[in-house]
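Please keep the viewer open as you read.

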Amino acid sequence: MVKMTHPIDIDKIVSQLSLEEKAMLVVGRGMPGSSGNPPSRVPGAAGETYPIPRLGIPPTVFADGPAGLRIKPVREGDSQRYHATAFPIAVMLASTWNPEILYKVGRAMGEEVKEYGVDILLAPAINIHRNPLCGRNFEYYSEDPFLSGEMASAFVKGVQSRGVGACIKHFVANNQETNRYTIDTVVSERALREIYLRNFEIVVKKAQPWTVMSAYNKLNGSYCSQNKWLLTKVLREEWGFQGFVMTDWYAGDDPVEQMKAGNDMIMPGKAYQVDKSKKDEIKEIISAVKEGRLSEDVLDRNIRNILRILSQSPSFQGYKYSNKPDLDDHAKISYEAGAEGLVLLENRGVLPLDKNERIALFGTGQIETIKGGTGSGDTHPRYVINILSGLDLKGFRIDRELSNRYKKYVDEMRQKDEYKPKGVPWSPIIPSLPQDIITEDEVEKYAQRNDVAVIVISRISGENYDRKPIKGDFYLSDDEKNLLEKVSKTFHRYGKKVIVILNIGAPIEIESWKNLVDAILLIWQPGQEAGHIVADALIGEINPSGKLPVTFPKDYSDVPSWNFPGTPPEDPKKVVYFEDIYVGYRYYDTFGIEPSYPFGYGLSYTTFEYRDLKTELKNDVLIVSFTVKNTGRRKGKEVAQVYISAPRGKLDKPLQELKAFYKTKLLMPGEEEKIKLEIPLRDITSFDGGEWLLEAGEYEIRIGASSRDIRLTGKITIEEEKTYKL
Ligand code: GLC
């Protein structure tokens, strides 16, 4: 908790509040600046709370998002600009596997939150990647709850180290955008406990987030924001959550039930002004208390949760914010995070490049480089360095005629209505441009006069809609494939190499074309410093050290969540998680499905050797130690992963599960690092209906450079089964 210079007497305040004022404290004052609501003091903020001046309660401000503070950069009549840093997207941050990076990004973002006058950042978003097509996967960390929980914990600690609040969202099992406001997610308690709740539990216990945002969807029939089992029994009684819960925006259908369930605050408030079928939350709550349908004690409880947290906020503390965060310093942090989040998927003797190599740059993504996704997870940075500019600024020898053609093409096409953003303005769908604009003869010319081809493949997605398993989305479009084949055939005929840069926010199909090219660099959506990150990785100043936090399946038909996004397909009402705990690598590894690129995978410009594994059981903790050595010619970092393969006794289990990981320091060629990791035995249990079960038997300890590149193995035996309480 923050050291408070203005402590408040919460009990005294609660005793002085009128019923009307109490209702105002548990309902936001409406989406700022819309539907007749007053604008926020921070334009672009997503929500505000009511002030109660007579009791010294100020309004507080909540703003998105996971890749950076999302506020309006321009204010009417104000010559100052209010840009915030665009950091790499969450899945790229997770690809660093480096909690120190997440802490630094969180701390930088927290400074911008505080200096722009915001109290709570509506991030991190930590829903599990159940299916590669979820439109918001770019905003979420991983298919694995342990990696997700560790990354999010570091991020939350970073944000809150600035004395502002974080908000872990969307609690829980909001793993799709299709019909997100009403879909009923049906999932077993074991899958909830081991997968979908698990990362939230880790963050609540390790980082004490100020707030949790309950999700839109129903959970086994009851809206998350109205689900007492979820918000009171699990979150508070079992995990000891001390903050307050807010709804997602306009979520649920019963403000009184939300209050009772333990959803302390309804955001943004005044939903009835937007959707006439919705109730007037404040009036509803007041009449429910008057009619005895809602105990005032419940209101008081919720208000205490809110005031205990908000009393620490900069607004309550009377902080005089500067509107001048250190964006230059944060640009460096954004770059550093992106540099560690790149994942090198293929490299057949082509990377890093020599600066004198002449480059033919293909794909409109060199111009329209995607910094992140759309919707509430969007950002408004001062600039975005696109890939072409990044290479130019680095002094690469770019085929100017070719890149100028792409510049001109993008400008022309974006003038056409067909290629203008579609859908809701706050989360636009950006039509992708046809990519095959170079003829065979022209490719011939570029192949003759350049040394290497670089092809940028881009994908963008966002809130409010999911992706599709079709060409141009999960699969390459025909014209992307034509371009790739043309360039590959011709450049290879001249003995020249082809590199693909993937500027995407979630997996696409690679298997069918990966052998056409010589290198594949996954840059995800790297935020504002994109072009610098790409240039430095191509030249070798960055040695890629990222590892996949999500599996890249060979084909969409391999994905276990086959019924995504629910039934009936044309307008899903319900989605049943039939795959249960077998999500991501837990499915592919257990059922022998070979992926294109497995969970935890990532190449480097150097090589690493693992040796000297020792395992020890000590006071309910498994201690694993081993050594990693840089056996190549370039300095680099390695992410060592610890998987546990538990005996299949009473309960069926995945083949293996990630239980620890460690990113080395920057190892010089020949340098090694001794690593020692501790895994509480409680963490290698399975949920067995009301408790955690550690089964007796032999457990295999698997140390890997990825989930499918196991370098060292060991065994421990648990003599007696043991249970742990929830
Ligand atoms: C949106 C999103 C949530 C966001 C909130 C405020 O609908 O689901 O992630 O924080 O509303 O913008």
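A charge is said to sit over a ring if NZ of Lys or CZ of Arg is within 6 Å of the ring centre and within 35 degrees of the ring normal. By that rule, K218 lies over the face of Y223, at 5.0 Å from the ring centre. Another such case is R75, placed over the face of Y82 at 3.5 Å from the ring centre.

Before going further, a word on the source: this is a predicted model, in which local features need pLDDT of at least 70 and side-chain atom pairs count only at pLDDT 80 or more, while totals for chains, interfaces and linings use all residues. Residues are numbered from 1 along each chain as its sequence is written, and side-chain values use heavy atoms, with hydrogens and water left out.

**Aromatic rings**

How many aromatic pairs does the structure hold? There are 24 aromatic pairs, where rings of Phe, Tyr and Trp (its six-membered ring) pair if their centres lie within 6.5 Å; planes under 30 degrees apart count as stacked, over 60 as edge-to-face and the rest as tilted. Y181 and Y216 make an edge-to-face pair, because their ring centres are 4.5 Å apart and their planes stand at 65°. This pair links distant parts of the chain, 35 residues apart: Y181 is in the loop between β6 (167-171) and β7 (184-186), and Y216 is in the loop between β8 (211-214) and β9 (218-219). Helices (H or I, at least four residues) and strands (E, at least two) are DSSP runs, numbered from the N terminus.

Y181 is partly exposed, with a relative accessible area of 36%, whereas Y216 is buried at 4%.

The rings of Y610 and F626 have centres 6.3 Å apart and planes at 20°, so they are stacked. This pair too links distant parts of the chain, with Y610 in strand β19 (residues 608-618) and F626 in strand β20 (residues 621-630), 16 residues apart. Y610 is buried, with a relative accessible area of 8%, and F626 is buried as well, at 2%. Elsewhere, W97, F146, Y585, F599, Y643 and F661 form one aromatic cluster.

**Helix packing**

Axes are lines fitted to C-alpha atoms, for helices over the stretch in contact, and angles run from 0 to 180 degrees between N-to-C directions.

| Helix pair | Axis separation | Angle |
|---|---|---|
| α13 (residues 327-341) and α18 (residues 530-539) | within 9 Å | roughly 45° |
| α5 (residues 145-160) and α7 (residues 198-207) | 8 Å | about 35° |
| α16 (residues 440-449) and α17 (residues 478-493) | 9 Å | about 40° |

The angle makes α13 oblique to α18, and α16 and α17 are oblique to each other too. In these terms, angles under 35 degrees count as roughly parallel, over 145 as roughly antiparallel, 65 to 115 as roughly perpendicular and the rest as oblique.

What is the handedness of the crossing of α5 and α7? That crossing is right-handed; a crossing is left-handed if the near helix is turned anticlockwise from the far one by less than a right angle, and right-handed if clockwise. α13 also passes α18 in a right-handed crossing, and α16 passes α17 in a right-handed crossing.

For the residues that meet, contact means heavy atoms within 4.5 Å. S334, Y335, G338 and A339 in α13 meet H532, I533 and D536 in α18. On α16, the residues E440, V443, E444, Y446 and A447 meet K486, V487, K489, T490, F491 and R493 of α17. Among the α5 residues that meet α7 is F146, which also belongs to the aromatic cluster.

Most residues other than glycine have a negative phi, and most peptide bonds are trans. W97, another member of the cluster, has a positive phi near 55°. W97 is found in the loop between α3 (90-94) and α4 (99-115) and is buried, with a relative accessible area of 0%. N323, in the loop between α12 (296-310) and α13, has a positive phi of about 60° and is buried at 15% relative accessibility.

Which peptide bond is cis with omega near 10°? The bond from D64 to G65 is, and G65 is in the loop between β2 (61-63) and β3 (74-75). A cis peptide bond also joins L351 and P352, with omega about -5°; P352 is in the loop between β12 (343-347) and β13 (358-362).

Conventions. Buried < 20%, exposed > 50% of the residue type's maximum accessible area, 1.4 Å probe, protein only.
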